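Thanks for coming, everyone. Please bring the structure up on your screens, and we'll walk through it together.

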Amino acid sequence: MSNEAVLHTHSDAAVHEVHGDQSHEHHHHETFISKYVFSQDHKMIAKQFLITGMFWAVLGGLMSVLFRLQIGYPDATFPWLEDILGKWAKGGHITPEAYYALVTTHGTVLVFFVLTAGLSGTFANFLIPLQVGARDMASPFLNMLSYWFFFTASVVMLSSIFVETGPFSGGWTAYPPLSALGDASDGSKTGMDLWLVSMALFVVSSLLGGLNYIATILNMRTKGMSMTRLPLTIWALFFTAVLGVLSFPVLFSGFILLIFDRNFGTSFYLSDIFIKGVALPNEGGSAILYQHLFWFLGHPEVYIILLPAMGMVSEILSVNSRKPIFGYMAMIGSLFAIAILAFLVWAHHMFVTGLNPFLGSIFVLLTLLIAVPSAIKVFNWLTTLWRGNVRFTPGMMFAIGFVSLFISGGLTGIWLGNSALDIHLHDTYFVVAHFHIVMGVASMFGMFAGIYHWFPKMYGKYLNNTLGYIHFWVTIAGAYMIFWPMHYEGLAGMPRRYYDYSIWESFKQFTELNRFISTVAMIVFATQLLFLFNFFYSIFKGRKVTVLNPWGANTLEWTTPLRPGHGNWPGEIPEVHRWPYDYGKDGQEFISQTTPVGADESHH
Amino acid sequence: MTMFLTIAVVVLIFVVIFQIAKASEYVSVLKGEDISRKQNNKVNGFLMVAFLVLGLIGVWYCNKLYFGKTLMAQESASVEGARVDSMLWITIAVTGIVFIATQFILFWFAYKYQENDNRKVFYFPHNTNLEIVWTVVPAIVLTVLVVIGLRNWFLFTGEPPKNHMEVEVTGKQFNWIFRYPGKDGAFGKKYYKNIDDATNELGLLWDDQLGHDDVITTTMYLVKNKPVKLIIGSRDVIHDVGLSHFRMKMDAVPGIPTTLWFTPRYTTNEMKEMTKNPNFVYEISCDQMCGNGHYSMRGVIDVVDQEEYDVIMAKQKPKYLTTFPEKDPSKPVDSVKVAAKMAEPATKPIAKL
């Protein structure tokens, strides 16, 4: 049909482009700069995103270790802290200013730089062209810009840590008036300006990347690769990109208004404020308006973080169970439902802001509706394991860990999404436990699963398995030991973002537990360093990959050479004849997507 | 010194782990990758079940240690909060069953279906009936939870009973100011540009007679079994009135007043007995990040019975009289001075009236 025709013309175009590309490659020697720095090869850009993301993960993780020191050991002094942080840790004791700056930067960095750029930046770049069968992204140049905007955003964010008044310290959500008024907090001075500039650059990076991903998936699939033959990774990355493209501009508009309020005397968010002995002239603004604009991105952002992990986990579970993913169409349908609902639930973050109760009730309904597609996904993953032949590669372990964490964290979402319970649990440690498990750790697990699984394709080497297993078991046990007890603190009403609980009669009973959590957090952090070491050591000295398809997978990336160059396939791009999940069909262990359908093959 | 020692120990542990990992990789190459993969598979398959069992024991142990320290172990101090508690229990039951069942299935399947040369994989790409079942069943269960939740939500956010009292709560960096309407039962008007930290922390407009009997306190006094409606605002940034014992919470937003109502059902003294904690006190915690002193923004609520409340309130002097002592009927009046004082606030803008 016409759809086929479109596909054909596009793949033809791609083939032509390729020939041009290849002759290009033969004539020009690639310099260090064009190959490793300003590279337009999607695989190199993916690695750039990954390694920058890892840098931020280490820094963001280290920040959490530092502020957990304060919560876990509020009475102890650590002289070495003063050596590192100077006036921010006078006498070896983190000051409240530094504590809040650390908490805020930890949140911002982990949510945006690690789990957005580091996760979908890495895997969308790496997997989309390889799995749809394309030479590169639709626009390699914009793709390169996407990385460099992210890099610039990183530099600006990093610089904000070194300004005299400190980095922004009003929480990663940056609610005005706190974030709008330098008089309300030192962190809201220069630090906040830099935070806003950095985030604006980051939005540009996300948009450039997202548009590219969408264009590539829709237009550059190889011959025979219909939308329903795409691996679930690609479907997930597609919905992720759509979410980002539609919601980041709204966040950006919120930031623009905030910049105006901060610098040009407007009153979008400000009204009736008396601060530092002065009544401000601003009247008629609404501080809640910012929250609507922020969460209109903020909630889809949760799924921008989670969907790529879901997609990769679906793929990895199927490959390593040697069995098709159960309910492929239901998986796509539930991704679609989640993507739609992601836009319709933002106000569940605002149940206690004085929101109109009727509006609140609609958001309760839509929020709890998300549990349905989420449940479908979980049951489908479980059924994928059922009667399979499971190989516990480190990637598979992290995929199983993801499912476990997604269940644990997803179920507490049912508590918090119900406004009458949220009115009690909002902004307590229950929320901290919930989103760290379901969004933070689960997505990190998705990311680790992806790294372990595709590392052989990225670098032509294997990661060390033993280190991988140690990494997995310590991290999953540690993550549960850190975040599970936090639910109990939340059920005691213990508020989040407190520097010290000792003056509170209601919340001071968890001293020992806080110490335990902080200690485990340090161990888990150290274990991540072990992974980091494994990663860089294996790039150079890891066991070499000698077979094209080490996991016995069906998807196209495993049909490329061991170390694919720019353009991915030396000859023509392979044609696709079937969906990517023919594992264990008709007694065959796996059937690659490039294998034509046999005459006597069974139909399902 | 201990610092370097710690680092040295950590590095040493790293090196040991790394050497073991490297050695095991060499061994696996020597033994043949297939054999070593199968060995790894057995070990990890066993660990999956071990993790499930130890994890569930951990869940039980954590509950044993900490349940008593949560509010679940205490009765809600408000009538409405009791509904939150019962809803919590229903939600725990539902999600708890699903949690145990799915985690069990996940780790059990991982163990049971670990690689085995004799097993023929079941090619099972989809099954419409199964998928319908696990779409419809969660949808029905969730509908029940939504109905329970929304009934409570509309009660909490609806109008308080007619016999309620009102207290105004104003947040500022980093404490709370409480205002009572006084005998006339109505609050006087205020305007933020009239705020003066020394004499008029809420910016009350003295032209408004209704405000002349308004009382400002630093502790919130509430009456047992009498519904109270809080009228919540902020002077600077967003705060949040967190009332964990009453299971309630509402943001304090500058420029946009919010409300919250509940019915305290135990006095502070009764709670001291019930919790067996002689230091028990109802605390207001700020639950919305509001600056560097956020963690110390503490308010105190004293719930008493009606007689005691009347005694306490009789002792409070209206703000108007403490600001203008000469207006106090119990004191001699200098009429000229008062006239001058009265004229002063009138010159300030009163656009917000």
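Start with chain A and the lining of the largest cavity. Helix H5 (96-132), helix H7 (190-219) and helix H8 (232-263) each supply at least two residues of that lining. Keep in mind that this is a predicted model.

Which helix gives the most? H7(A) does, with 6 residues. In total, 19 residues line the cavity. Nearest its centre lie Thr116(A), Ser120(A), Ser206(A), Gly210(A) and Tyr213(A).

What about the classes of the lining residues? There are 9 nonpolar and 10 polar residues, and no charged ones. The volume of this largest cavity is about 180 Å³. How many cavities of 30 Å³ or more does the structure hold? The count is 6.

Now over to chain B. Here we have an open sheet of 5 strands, with mixed pairing. Read the order with me: E4-E10-E9-E6-E7. Strand E4 (219-223) and strand E7 (248-252) of chain B are at the edges. Each has a single partner strand, so one side of each is left without a neighbour in the sheet. From one strand to the next, the twist averages 25°.

Next, one pair in detail. Strand E6 (residues 239-243) of chain B runs antiparallel to E7(B), and 5 bridges join the two. Take His239(B): its bridge partner in E7(B) is Ala252(B).

Last stop, a helix on the sheet. Helix H6 (residues 306-315) of chain B packs there, touching E4 and strand E10 (298-304) of chain B. The direction of H6(B) makes about 145° with that of E4(B).

Terms used. Residues numbered from 1 in each chain as written. Chains lettered and ligands numbered in written order. Predicted model: local features only at pLDDT ≥ 70, side-chain atom pairs only at ≥ 80, totals over all residues. Heavy atoms only, no water. 1 Å grid on protein atoms, 1.4 Å probe; cavity = no way out; pocket = protein on both sides within 12 Å on 5 of 7 lines; lining within 4 Å. Points joined across faces, edges and corners; volume = space filled by probe spheres on them. Helix = DSSP H or I, 4+ residues; strand = E, 2+ residues; numbered from the N terminus. Nonpolar A, V, L, I, M, F, W, Y, C, P; charged D, E, K, R; others polar. Pairing = 2+ DSSP bridges. Axes fitted to C-alpha atoms, helices over the stretch in contact; angles between N-to-C directions. Contact = heavy atoms within 4.5 Å.
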